[in-house]
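Please work through the exercises below with the sequence and the structure side by side, and try each task before reading its solution.

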Amino acid sequence: MTLLFVLKFAQEAVMSAAPIVTGHMYGWSVERIGALGVAIGALVVPLSMAVGYLSGRYEDRVILRWLLWTSLIGLLFLIDGRALLTNDDTAAEQGEGSTSVSFFGGGVGPRRYVVGSLIAFSGLQCMESIAMSALSKVVPHSMAVGVCNSGLINTLTGTLGRAMGDVAVTLAGFVSLDEMLNVLVVPVAAVLLGCIAMVRVNYRLLDV
């Protein structure tokens, strides 16, 4: 349940902030922002097919660890280390409307943002089906019947995660548009790191 909440929260927070971040930091037009959305959406079907292929060859817990690390790596691409170290507006001013920022430099340029977003989305999107699969194998039979069953709880948990992700985007916008990316991504990355630790601790329980 925790993994389902976290992945929905992370997915909603990072993806919903994309139009605001790209428009403010890079001066992207609506067309370019829409093209990024189309590119991300086009990954859904191939990713689902890839997960189906891998799930027949590896255990859910193994794939889950891979996907958690993949998502974390994608989020690390989105962290502006220069802004964290300098704590001023220089990074935002240099990144705004510019494509000259080094890919692996402290600032998050447009190319690095696109790559990080695609990697993070891929990991989070694939992780949803694996988490649901693992959950269906460990949930008690008593929770699979009745009105308030595991399916309803899963739906409500995912909906709550998305709602909290939207709240996080709103609050991050109030804090600072220039620092919005870090305000969102750093906590989400920390939570994913916690999930990796949680999966490691409960690794034997996921052997189903």
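**Overall make-up**

Of the 208 residues of the protein, 42% count as buried, where buried means under 20% relative accessible area, exposed over 50% and partly exposed in between, with a 1.4 Å probe and protein chains only. This is a predicted model, in which local features need pLDDT of at least 70 and side-chain atom pairs count only at pLDDT 80 or more, while totals for chains, interfaces and linings use all residues. Residues are numbered from 1 along each chain as its sequence is written, and side-chain values use heavy atoms, with hydrogens and water left out.

**Exercise 1.** State how many helices and strands the protein has.

*Solution.* Begin with the count: the protein has 10 helices and zero strands, taken as DSSP runs numbered from the N terminus (helices H or I, at least four residues; strands E, at least two). Next, consider contacts, meaning heavy atoms within 4.5 Å: among those between residues at least 6 apart in sequence, 81% join residues at least 24 apart.

**Exercise 2.** Describe the largest nonpolar core and identify the elements that contribute to it.

*Solution.* Start from the term itself: a nonpolar core is a set of buried Ala, Val, Leu, Ile, Met, Phe, Trp, Tyr and Cys residues joined through side-chain atoms within 4.5 Å. The largest such core has 51 residues, and those with the most contacts inside it are Leu 64, Leu 68, Leu 75, Tyr 113 and Leu 184. Then turn to the elements: two or more residues each come from α1 (2-16), α2 (18-25), α3 (30-41), α4 (44-55), α5 (60-77), α8 (110-138), α9 (150-175) and α10 (180-201), and α10 gives the most, with 10 residues. Finally, take Leu 68 as a case: leaving aside neighbours within four places in sequence, Leu 68 is in contact with Leu 3, Met 127, Leu 192, Cys 195, Ile 196 and Val 199. In soluble globular proteins, nonpolar side chains tend to be buried together.

**Exercise 3.** Is Ser 117 buried or exposed, and which residues does Ser 117 contact?

*Solution.* First place the residue: Ser 117 lies in helix α8. With a relative accessible area of 1%, Ser 117 is therefore buried. Setting aside neighbours within four places in sequence, Ser 117 is in contact with Met 15 and Leu 78.

**Exercise 4.** Classify Ser 129 by its accessibility, and find how far its C-alpha atom is from that of Ser 55.

*Solution.* Ser 129 has its place in helix α8, and because its relative accessibility is 37%, Ser 129 counts as partly exposed. The C-alpha atoms of Ser 129 and Ser 55 are separated by 9.9 Å, although these residues are 74 residues apart along the chain.

**Exercise 5.** Trace the surroundings of Leu 47.

*Solution.* Leu 47 is placed in helix α4 and, at 14% relative accessibility, counts as buried.

**Exercise 6.** Locate Thr 157 and list its contacts.

*Solution.* Thr 157 belongs to helix α9 and is buried, with a relative accessible area of 15%. Beyond residues up to four places away in sequence, Thr 157 touches Met 1, Leu 4 and Phe 5.
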